[in-house]
Protein chains: 2
Amino acid sequence: MTTRLAVIGCGLIGESWAALGLARGWDVSAWDPAEKSRASLPERIIRPLTHLNELHGWPISTAKLRVTQTLEEAVEGATLIQENAPEQVPLKQALYADIEATADARAIIASSTSALTWSSLSGTLKVPERFITAHPFNPPHLIPLVEIYGVDEGTLTRAEALYRELGRSPVRLKKEAVGHIANRLASALWREAVNIVAEGIADVADIDTAMRDGPGLRWSVTGAHMAYHLGGGPGGIRHYLAHLGPSQVKRWQSLGTPELTPELCERLIDGIERQAAGRTIPELENERDRLLIQLQKARQSGRNDHG
Amino acid sequence: MTTRLAVIGCGLIGESWAALGLARGWDVSAWDPAEKSRASLPERIIRPLTHLNELHGWPISTAKLRVTQTLEEAVEGATLIQENAPEQVPLKQALYADIEATADARAIIASSTSALTWSSLSGTLKVPERFITAHPFNPPHLIPLVEIYGVDEGTLTRAEALYRELGRSPVRLKKEAVGHIANRLASALWREAVNIVAEGIADVADIDTAMRDGPGLRWSVTGAHMAYHLGGGPGGIRHYLAHLGPSQVKRWQSLGTPELTPELCERLIDGIERQAAGRTIPELENERDRLLIQLQKARQSGRNDHG
């Protein structure tokens, strides 16, 4: 039996999920309350499908896409129901009530929520055990990470297997947290990047260059913890913590928490405009996506090289 | 006239600098107070030279490498003197005194220091105008970033041109700062990565996976600031700051500053051991370096693709 993915909310995130399902040969039903969003989906989805074809060789076909007029039609018979609605608790909870009224008993209901937690969303569900948060990272069809939290082992195991079928890299949280893992890290990083601007140490574009040509290049290969293991010399992280731990703690104290004053905001905006140098957001996104595809192809071949 | 690079201190950092100079056809003289370090350099340098050959097609040759018995011989006639001594102010200042006694008047004296600032090092120099900090990022021959600070425009301009000849990406600080840019960012990121372990949200290996398959992948393409520009929708960072700035500030307040207690250190060490899964540090470094080469080749070809 073919797996069926129901995509609820067909903006950028929903579009990526739908493309992933189609590319893996799943049946995909998609619904959005906005007629315009439903109507444009079959055309919009070609772009992520083309990316996935380029990256993995997966087929470009919309034959199994069914855009439905109602939520009920989309949800009926679905294995996995992925909700991508705006980040408003009452709105999402109203959708869950409608979903629960129609969904198969074994269906998994997953929220792509970035900013909300499982506890804040699950309160009104009849069967919260089959509900999970499953946060993808933008652009979701090109970034493998999906951060997962839920309370039922069986649901989590089945969800992880489904996301792996979609070529995703599911990472499970042991305890729910606002911002999950990745957005907490991104937020911590940006706080200091903003602080460096606020302190007048460097400009926006130079900070971004330093990242891309420096630690950012390494962070797609070596995570934050592993970086300090390899920075500790032959003794690794044990040596690092024993000898440089105290100076790291001191460094932490010297980092800033800037206030986003109107003046600082203007400097950030001005800095981005200089860095963009006339390139529009779609142009910048295109450059990003092209490079993300190249990098992942390289990472795949690099990994294959050494087994 | 061939450019001459003097490498003072021939550990891992010095070895990378020397390899870069040789690969670009410069004369390279190298000195280290330790006889063992001097003796092993010609053999050790083959590894970074091979990496550079693979990455850029630069020739593998040690014909222009001269390991000298004294600092004076290394420094004589050098265009750029790159000091890579341990991070101790008196030790470095003693070296600078010896360097100044021999160096050409126009030579640039650059410190690879990671943790010290220009002001803390320059006090005893006779001509501090020609002294700069020029911090590379590990492994220096594979990561292009060099963070530069100094007080003399002419020196800075000449230094940047030399580092560009070495294929580096120099970024100039407007104001000196402990940790320059990149290590401040790395430290801010790791603080939250450690906090996520301390809070029990996720384990070491899962955090690193989330990074590598999530934001880390993007950070080699899109810097911290640009990521929020592209996360702001059609309105970019201006829209983001106006609408999501306050929630970002709230997020910042929710991030942690963990204490590196012995118990937490043991959890970090244990987590790294699980992640390493028996791989030694040289093995992990090899994997990192292979992937860094593949990624940069991909990034080069990705950039060429769209001009």
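Me: Where is the place of B:Val194?

Reply: B:Val194 sits in helix 8 (residues 182-198) of chain B. Helices here are DSSP runs of H or I with at least four residues, strands are E runs of at least two, and both are numbered from the N terminus. Before we go on: this is a predicted model, where local features need pLDDT of at least 70, side-chain atom pairs count only at pLDDT 80 or more, and totals for chains, interfaces and linings use all residues. Residues are numbered from 1 along each chain as its sequence is written, chains are lettered from A and ligands numbered from 1 in the order in which they are written, and side-chain values use heavy atoms, with hydrogens and water left out.

Me: Buried or exposed, that B:Val194?

Reply: Buried, since its relative accessible area is 0%. Buried means under 20% relative accessible area, exposed over 50%, and partly exposed in between, with a 1.4 Å probe and protein chains only.

Me: And what is B:Val194 in contact with, leaving aside neighbours within four places in sequence?

Reply: From chain A, A:His225 and A:Trp252. From chain B, B:Pro258, B:Leu260, B:Leu264 and B:Leu268. Contact means heavy atoms within 4.5 Å. B:Leu268 is 74 residues from B:Val194 in sequence, and their C-alpha atoms are 7.8 Å apart.

Me: Switching to helix packing. At what angle do helix 9 and helix 13 of chain B cross?

Reply: Roughly 60 degrees, with the axes of helix 9 (residues 204-213) and helix 13 (residues 262-276) of chain B coming within 8 Å. That makes helix 9 of chain B oblique to helix 13 of chain B. Axes are lines fitted to C-alpha atoms, for helices over the stretch in contact, and angles run from 0 to 180 degrees between N-to-C directions. Under 35 degrees counts as roughly parallel, over 145 as roughly antiparallel, 65 to 115 as roughly perpendicular, and the rest as oblique.

Me: Which residues make the contact of helix 9 with helix 13 of chain B?

Reply: Helix 9 of chain B brings B:Val204, B:Ala205, B:Asp208 and B:Arg212. Helix 13 of chain B brings B:Arg267, B:Leu268, B:Gly271, B:Ile272 and B:Gln275. By class, that contact has four nonpolar, two polar and three charged residues. Nonpolar covers Ala, Val, Leu, Ile, Met, Phe, Trp, Tyr, Cys and Pro; charged covers Asp, Glu, Lys and Arg; the others, Gly among them, are polar.

Me: How many residues of helix 9 of chain A are buried?

Reply: Eight of the 10, so helix 9 (residues 204-213) of chain A is largely enclosed by the rest of the structure. Among the buried ones are A:Asp208, A:Arg212 and A:Asp213.

Me: What about helix 1 and helix 3 of chain B, at what angle do they pack?

Reply: About 50 degrees, with the axes of helix 1 (residues 12-23) and helix 3 (residues 46-56) of chain B 9 Å apart. They are therefore oblique to each other. Their contact has seven nonpolar, no polar and one charged residues.

Me: Where is B:His51, and what is it in contact with beyond four places in sequence?

Reply: B:His51 is in helix 3 of chain B. It is buried, at 6% relative accessible area. Its contacts are B:His141, B:Leu142, B:Asp289 and B:Ile293. B:His51 and B:Leu142 are 91 residues apart in sequence, yet 7.7 Å apart C-alpha to C-alpha.

Me: Last one: where does A:Thr117 lie?

Reply: In the loop between strand 5 (108-111) and helix 6 (118-122) of chain A. A:Thr117 counts as buried, at 14% relative accessibility.
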